[in-house]
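Here is a short report on a sheet and its helices. Read it beside the sequence and the model.

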Amino acid sequence: MKAQANRYSLSVAPTGRARCRACKGLVARGEVRLVTLAVVSERPRRVTKFVRHATCVDADLARRVLHAHGTVESVPVVDMASAEMVSGVRATLQRLTDV
């Protein structure tokens with residue numbers, strides 16, 4: 001079984017139930033979050049989601065996101081996130097990788 005790379009996306013939290021992988025706090029409903037889709041089993045194919053507040057993204061994760069997608073603009077946006085909110089998260093990702 002070949003390990004598959006994680007996939008990342010930006011989305012709006014549909015509920016306030018998910019916990020941030022970094023700080024363990026709840027991600028509020030309507031807040032933009034970074035979602036990591038990780039394949040945990042190939043047969044049957046199972047995927048799990050890990051979420052983080054945009055403010056909890058560290059430089060290591062930002063580098064992994066950019067490695068997977070090439071540029072911050074190519075990170076997919078799921079759901080109806082406002083352009084302002086998404087551009088703020090993308091700017092954070094870019095700033096963390098420029099360090």
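Two strands count as paired if DSSP finds at least two bridges between them. Helices (H or I, at least four residues) and strands (E, at least two) are DSSP runs, numbered from the N terminus.

The model is predicted: local features need pLDDT of at least 70, side-chain atom pairs count only at pLDDT 80 or more, and totals for chains, interfaces and linings use all residues. Residues are numbered from 1 along each chain as its sequence is written, and side-chain values use heavy atoms, with hydrogens and water left out.

**The sheet**

Four strands make an open sheet, ordered β3-β2-β1-β4, with mixed pairing. The edges are β3 (46–53) and β4 (77–78); each has a single partner strand, so one side of each lacks a neighbour in the sheet. Strands of a sheet pair through backbone hydrogen bonds, either parallel or antiparallel. β1 (residues 7–12) and β2 (residues 32–41) run antiparallel, joined by six bridges. Here valine 12 has valine 32 of β2 as its bridge partner. β2 also pairs with β3, again in the antiparallel sense, over eight bridges. There, leucine 37 is bridged to lysine 49 of β3.

Buried means under 20% relative accessible area, exposed over 50%, and partly exposed in between (1.4 Å probe, protein chains only). Eight of the ten residues of β2 are buried, so this strand is largely enclosed by the rest of the structure.

**The helices**

Contact means heavy atoms within 4.5 Å.

Which residues of α2 are buried? They are Val86, Val89, Arg90, Leu93, Leu96 and Thr97. Seen down the axis of α2, its buried residues fall within an arc of 125° (taken from the directions from the helix axis to the C-beta atoms), so they line one face of the helix. They pack against β1, β2, α1 and β4. On the other side of α2, Glu84, Arg95 and Asp98 are exposed.
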